[in-house]
Amino acid sequence: MKILIVDDEQPARTRLRGMLQQLNDCEVVAEAANGKQALEASQTYQPDLVLLDIRMPGMDGLEAAEHLSKMDAPPAIIFTTAYNDYALSAFKTHAVDYLLKPVRKENLLQAISAATRLNRAQLQAIGEAETEHTEPTHISARVKGNIQLIPVNTIHFFLAEHKYVTVGYVDGEVLIEDSLLTLEQRFPRHFMRVHRNALVAIDHIAALEKDNQGRCHIRLKDCDKVLEVSRRHLPDIRKFMKR
Amino acid sequence: MRLKRSTTKCDDLFLPDFCAMRMVFVVVIIAQLAAFVLALAPLDIPLAQRWNNLGMISLYVQWCALGSCTVLCIVRPWLCGMTNIQAGIISYLLILLVIVLITELAYWLIYKPGYEASQTWHIHFLLRNVVIGAIISGPILRYFYVQNQWRRNIQAESEARLQALQSRIRPHFLFNSMNTIASLIPAEPQQAEDAVENLADLFRASLSDARNLIPLSEELELCHRYLDIEALRLGERLQQKWNIDTLPRDALVPPLLIQPLLENAIYHGIEPLTEGGTIEVTGQLENKKIAITIRNPLNHNSGQQIARGNQLAHDNIRERLTALHGKQGSLQIEANEHSYQVTIRFPYQNEYEDPDRR
């Protein structure tokens, strides 16, 4: 069994590696110090199981798990955590495997033999209960079978077209399957609804303009795209621009 | 080394210490007010006569008052072992005795040589003075008793508050440290041993009596022990910069006054940063006031989280400072996009204040 260890603390990783080495059929293929590295390592080494710390800098374990679950062959995930009473009850109710640090060998063995793949519903439920869970730092898109991560602060807009949502960001455009409504709810501080089919990054708004037919548009910084503003959302945007 | 708030053995006695200058002064004031009342009370006396009377009455009343003070000061050690009721009755009787003695003295020294006074006049004079003295000194003793009860309530309340506010170390830190120690045992037993010793010191401090104050040097030592443990876990990610040379090491502080601020700085400042950062501790003494600032870098994505998570520890420290120093103790927060800093200020104090003189 190929295993990936993810924890931002070196001693914690060393300990897990030491314990796993004593088990049969377990091979630690890589270690990662945060969620982003975990995702990269997962794509490179295709582990069967990821031991994932929850509280990590950059991208935390819950967000990493969510991106991992989009992979073609997602690994099984066991969360490790030192202490967090709120989240633990959520883990229990949703039958998600977790280990408390310092991890006991017998618990580790048990968890490995029982490890299953997580589904999105489980992850979402935990994310809601995990009080310290911050807004995700990345959006993940599948590009040619790989997971591509797009940092949220490089995104200019989301535009819904047919079944997909186009993400406009620094390096171009990419399609994702999430709905605009979910995106709006997950990033209330970063994005603003300007039209039934569009969200705009608040930090990237350059100007609100009116054309000679009386329609309003939003011009973005560092991006040629001009987005139409619907009459319904105009008052909110005006109010926001005045601030 | 621990310093316990100095407690006189007589803490339970309701009577204040009449040997203290302040109490003598209070008694003199009360006596003089009584003398005014006695001089004003009789009707149909010419003003000049009234002034004359006031002089005599004051002299007499002050003698009684200071005499009682002296007696109560002398018998205080003896009253200490008694219940409040016993001590109350005995001190009341002693005051009356002093009044009898002074009245007799006044009669034999002043009246007898100057005036022709009858035996009945002598008895009336004595009885009248004792009754007036009894009526005045009773409520005064009662007043001291009520005031004493009130002060003890206040003290009990503030001690209870201090204890409730006692700093607690985050469970998160405990379990992370345990995990670190578990991983160090096979490879680095010496480091593991040090970590266990440091952890023991920290928990001893957090379980100690919250009313005890410790010298700043000891608190700083605890801070270093705490940071040593965190450094094992965070490695290169945790950098420190100390600039506290001018801080008086003998200043008294409640235990774990500064450590929770460092814990916050690590939990909210260093841990969320992939590259880590530097915690800066600056301290200075100015105009007998100590100011200590703890500053940490900030991951601006988690700005909102910071405010919420920090709140508890900050409120706690602020309340402990106010409980100890009143308005002179403060905690101030300054934050911008990239850094977060907390400053605590409190008066420099290197010995316990006598609670009676506060």
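Predicted model: local features only at pLDDT ≥ 70, side-chain atom pairs only at ≥ 80, totals over all residues.
Residues are numbered from 1 along each chain as its sequence is written, chains are lettered from A and ligands numbered from 1 in the order in which they are written, and side-chain values use heavy atoms, with hydrogens and water left out.

Chain A first. Its secondary structure comes to 8 helices and 15 strands, where helices (H or I, at least four residues) and strands (E, at least two) are DSSP runs numbered from the N terminus. Of its 243 residues, 53% count as buried; here buried means under 20% relative accessible area, exposed means over 50%, and partly exposed is in between (1.4 Å probe, protein chains only). Chain A exposes about 12,200 Å², with carbon and sulfur atoms supplying 47% of that area; accessible areas come from the Shrake-Rupley method with a 1.4 Å probe, and for residues only the protein chains shown count as cover. Among contacts (heavy atoms within 4.5 Å) with a separation of 6 or more in chain A, 56% involve residues 24 or more positions apart.

At the start of H3(A), a side-chain oxygen of A:Asp60 comes within 3.2 Å of the backbone nitrogen of A:Leu62.

Chain B has 9 helices and 7 strands. Of its 358 residues, 43% count as buried, and its accessible surface is about 19,800 Å², 60% of it belonging to carbon and sulfur atoms. For contacts in chain B between residues at least 6 apart in sequence, 73% join residues at least 24 apart.

Now for the interface. Chain A brings 20 residues to the contact and chain B brings 21. About 1,900 Å² is buried between the chains, 50% of it from carbon and sulfur atoms; buried area is the accessible area (1.4 Å probe) that two parts lose on being put together, summed over both. On the chain A side, A:Glu9, A:Arg55 and A:Tyr83 lose the most area to chain B, and together they make up 28% of what that side buries. The chains share 3 salt bridges, a salt bridge being a side-chain nitrogen of Lys or Arg within 4 Å of a carboxyl oxygen of Asp or Glu. The side of chain A that touches chain B splits into 7 nonpolar, 6 polar and 7 charged residues; Ala, Val, Leu, Ile, Met, Phe, Trp, Tyr, Cys and Pro count as nonpolar, Asp, Glu, Lys and Arg as charged, and the others, Gly among them, as polar. One of the cross-chain salt bridges links B:Arg237 to A:Asp8, with the closest N and O atoms 3.2 Å apart.

B:Glu271 is worth a look here. This residue sits in the loop between helix H8 (259–270) and strand S4 (277–286) of chain B, and is buried at 6% relative accessible area. Its side chain makes a polar contact of 2.6 Å with that of A:Arg55; a polar contact is a pair of N or O atoms within 3.5 Å, and within protein one must be able to donate a hydrogen and the other to accept it, with residues adjacent in sequence counting only if both atoms are side-chain atoms. Leaving out residues up to four places away in sequence, B:Glu271 touches, among others, A:Pro57, B:His172, B:Arg233 and B:Arg237.

Within helix H7 (residues 216–234) of chain B, B:Glu230 and B:Arg233 lie 3 residues apart, about one turn of the helix, and their side chains meet in a salt bridge at 2.9 Å, N to O. B:Glu230 is buried at 3% relative accessibility, and B:Arg233 is buried at 3% too. Salt bridges with shared partners join A:Glu9, A:Arg55, B:Glu230, B:Arg233 and B:Glu271 into one network.

Over all chains, the structure holds 22 salt bridges. In chain A, A:Glu209 pairs with A:Arg219 at 2.6 Å between the closest N and O atoms. A:Glu209 lies in strand S13 (residues 205–210) and A:Arg219 in strand S14 (residues 216–220), so the pair ties together parts 10 residues apart in sequence. Both ends are partly exposed, A:Glu209 at 33% and A:Arg219 at 37%.
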